Amino acid sequence: MDVKMIAGLLFLAGCLLCQVCCLEEPTCSSRCEFEARISRQLAEIQHNLSSIRQDRGTACRDGWIPFHGSCYLFDDSDFDDFLGAEHHCRQYGAHLIHVNTEAENMFIKAHLSKLHLLKWWIGIQDSELEAVWKFYGDDSVATFTDFNPGDGGDHGTEDCASFDKNSEFRWVDVLCNGATIRGAVCEMKGI
Ligand SMILES: [Ca+2]
Ligand SMILES: [Ca+2]
């Protein structure tokens, strides 16, 4: 039996012992759970560190959060129409968020899940042509969207969009002057 084979057998035996141990010994089982929890936390820390490294070059005003060259403000004030929210962002030299990539969308959704408000305006409209969503203000077509199934299509009166907690923050199309309170996710370029 060569060394490689012995090492392989020892490894296999170790795995089996660990599994038996975890199933049969309560103390060992909690140790295994502890180790698994630590591994998960370590992975999360590594992920956060990698994001911080990516964002080191982006400086933002106080209260704004950097991500990949942009700065974001999550304002849960009482905005019941799209233009009110857009104008609120513009007073900072920003605009309602333009979601350009899956990574940006994931970042925003993860942040929204920590906040109490259920719905947040997105800076797009399909008022010219149904289901063709354009960034409000620069008129270019939004090539990335994340509409909930059944939304984002031919809904003639719903020409605005929002993140919606009821859809795990996937997007829904809504009236631009809806009575439902929505927060504003403002975006501007980092300094
Ligand atoms: Ca963006
Ligand atoms: Ca529409």
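So, which residues of β6 are buried on one side, and which on the other? Keep that in mind for a second. Quick reminder that what we have up here is a predicted model.

Okay, β6. Cys 160, Ser 162 and Asp 164 are on one side, Ala 161 and Phe 163 are on the other, and every one of them is buried, leaving both faces covered.

The β6–β7 hairpin has six residues between its strands, and one of them to click on is Glu 168, with a positive phi near 55°.

On to the helix, α4, residues 102–112. Its buried residues are Asn 105, Ile 108 and Leu 112. Looking down the axis of α4, you find those buried residues within an arc of 70°, so they line one face of the helix. For the spacing, remember that an α-helix has 3.6 residues a turn, so residues three or four places apart point the same way. Turned away from that buried side are Glu 102 and Ala 110, both exposed. And what does the buried side of α4 pack against? Three strands: β4, β6 again, and β8, which is 182–189.

Take Leu 96: leaving out neighbours within four places in sequence, its contacts include Trp 121 and Ile 122, plus Ala 184, Val 185 and Cys 186.

Last stop, Ile 191, in the segment after β8. Buried or exposed? Exposed, because the cut-off for that is 12 or fewer C-beta neighbours within 10 Å, and Ile 191 has 10. Setting aside residues up to four places away in sequence, Ile 191 touches Ala 59 and Cys 60. Ile 191 is also 8.6 Å from Cys 71, C-alpha to C-alpha, with the two 120 residues apart in sequence.

That's the tour, thanks everyone.

Technical notes
Residues are numbered from 1 along each chain as its sequence is written. Chains are lettered from A and ligands numbered from 1 in the order in which they are written. This is a predicted model: local features need pLDDT of at least 70, side-chain atom pairs count only at pLDDT 80 or more; totals for chains, interfaces and linings use all residues. A residue is buried if 20 or more other C-beta atoms lie within 10 Å of its own, exposed if 12 or fewer, and partly exposed in between; C-beta atoms are placed from the backbone. Helices (H or I, at least four residues) and strands (E, at least two) are DSSP runs, numbered from the N terminus. The arc is that of the directions from the helix axis to the C-beta atoms. Two residues are in contact if their C-beta atoms, placed from the backbone, lie within 7 Å. Two strands pair if DSSP finds at least two bridges between them.
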